[in-house]
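Okay, thanks everyone, I'll keep this short.

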Amino acid sequence: MRLPVLRRVPRSPLFLPAVLVGVALTAFYGLSAVTHVAGGDWGSFQTFGYLGGIPHAPGYPLLTGSIHLATRVAGFAEPAHVANVVNAGYAVAAGVALFVVTSVLARSRLAGLLATVVFATGYSIWAQATQAGTMSLQTLIVVLMIGALMAYDDRPSVARLALVGFATGLSLTNHGVSVFMLPATVAFVASRRFPGIARPRALAAAVGGVAVGLLPWIYVVRGLFVPMSRGHPENRALLTFEDLLRLAFDQPLTLVGDVGTITKPIDTGGVSFLDNWPLLANDMLRELGWGWLALAVAGWVVLARQRARLAAWIAWTGLTTIWFILAAHPIFDSARYFAVVYVLLAVCMAVGVGWLLRWVEPAVKRLAPSYLRYAAVAAGLAVVLAAGLRIQQQFTGPARANVVELRQDAAEQATVGLGIMRQMAPDSVYMTNWTSSWYSRYAAIREGDRGIHIQTTDYWTMGFEQAADILASGRRLYLQRSTPEYEAAYTVEPRWGVIFEVLPAGA
């Protein structure tokens, strides 16, 4: 039996439940949002969003621009906290969109609620919602794309084609994994019979939809006229059109430090898919568990029979993302991109739960027709109980402990950053690695410009080759960590229990 089309689903019954889901998720993610700046990519987005700059390629204009706007509107609040609340807002929107889309797709609000609870409370999904990053927004975009494709599949029209175009354009303002959706989306639209698709009006609507979705790139274009920090906060320069093309397409990314150097967006480095497969298996079991995975697989099979195009789109997007993570992306923390896979599994999971609930009715009718009402109530209570057990499991287990640790680490890092910035002499140089530099840079900005130059360098050498010139200039030199080379050539003194100062030999 084919699932009902969107236009046959009453809108009012979903409105109030969606609002309640949004309120619950707002409290959940809002209270979880980290209140301080952190290191790594999180600190990069928090710092660049506050500065109005551009983080590493491809620039993430939608995320960074929205953080920049929010920190200006809420100028009274801690900017890093505001950035994290913005990210939590995207996580809330992703959860509400998932509930609405899966409720329609599975023909069951209970199935949509259960899938939303399982997804939203996931170990990594919850953690990613607490600090500014790309994946909470990316999961929202993926769910919006699925909703747009469902609408177009049910009744192709120029307006719905434009909606698909808009979701496509919007996806290209965030993470690069969005490119994997493009061929599947084109195939989906082309395979759905729509006689007017080749007409100028329809093509113009599709192109116009994409163009509107790409509007967040204006945030980067403003760099042609307004000085913006790019690459590192100390490198303030006007962007050129060549820079824009580099950010949008080439994506050469050079990370100096223990992360390594990446010169191409896709570089297998000799690593095969099978080499990293245990990474996905372990993370997926930690995120979902065998039971939820089994429901997701069953749901995809049901979906393949009812909406073959959508099932194919989900399979392509999920498998190409997995390939990118396991075989083509050498960055050490690429497991965070599994969020795209998890939200696709949540969609299929809802279909599986909805199918089980619909199976109960004819089964009970055959066995005991007089108990049909009680069976329906029991099935609903079972779904609610499953959601409650999932919440209890995540709130009392490793998922909550992980979030608590993230909050504590960020608070400690922020304290360290502020402390060392206040203690350092003006016009000094601080050598630190890329992942640890952001809370120091953020602290320097918040403390005011005292002429302290924070220089990102290799973690193992700590900029040893530059030390002689820095000391000869009369500036003070501080290090995130000491090295044997420094200790052999200079006098290295611990400072404030967290960093080291380099002095001339014998001083």
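So, this is a predicted model. Start with Tyr29: leaving aside residues up to four places away in sequence, Tyr29 touches Ala88, Ala91, Val92, Ala120, Ile125, Trp126 and Ala129. There's also a second, separate core of twelve residues, and Val429, Ala467, Leu477 and Tyr490 are among them.

Back to Tyr29, though. Where does it sit? It belongs to the largest nonpolar core, which has 105 residues. Tyr29 is one of the residues with the most contacts inside that core, along with Val142, Ile146, Leu310, Trp313, Ile314 and Leu344.

Next, a helix pair. Helix 7 runs over residues 135-154 and helix 9 over residues 181-191; they pack at an angle of about 10°, and their axes are 11 Å apart. With a cut-off of under 35 degrees for roughly parallel, helix 7 and helix 9 are therefore roughly parallel to each other. Who meets whom? From helix 7 you've got Gln138, Ile141, Val142, Met145, Leu149, Tyr152 and Asp153, and on the helix 9 side Met181, Thr185, Phe188 and Val189. Sorted by class, that contact has eight nonpolar residues, two polar and one charged.

Last stop, helix 5, residues 109-120. How far should its twelve residues span? At 1.5 Å a residue you'd expect 16 Å, and the end C-alpha atoms are 16 Å apart, so that agrees. Is helix 5 mostly covered or mostly open? Mostly covered: nine of its twelve residues are buried. Those are Ala111, Gly112, Leu114, Ala115, Thr116, Val117, Val118, Phe119 and Ala120.

Technical notes
Residues numbered from 1 in each chain as written. Predicted model: local features only at pLDDT ≥ 70, side-chain atom pairs only at ≥ 80, totals over all residues. Heavy atoms only, no water. Core = buried A, V, L, I, M, F, W, Y, C linked by side-chain atoms within 4.5 Å. Buried < 20%, exposed > 50% of the residue type's maximum accessible area, 1.4 Å probe, protein only. Contact = heavy atoms within 4.5 Å. Axes fitted to C-alpha atoms, helices over the stretch in contact; angles between N-to-C directions. Helix = DSSP H or I, 4+ residues; strand = E, 2+ residues; numbered from the N terminus. Parallel < 35°, antiparallel > 145°, perpendicular 65-115°, else oblique. Nonpolar A, V, L, I, M, F, W, Y, C, P; charged D, E, K, R; others polar. Expected span 1.5 Å × (residues − 1).
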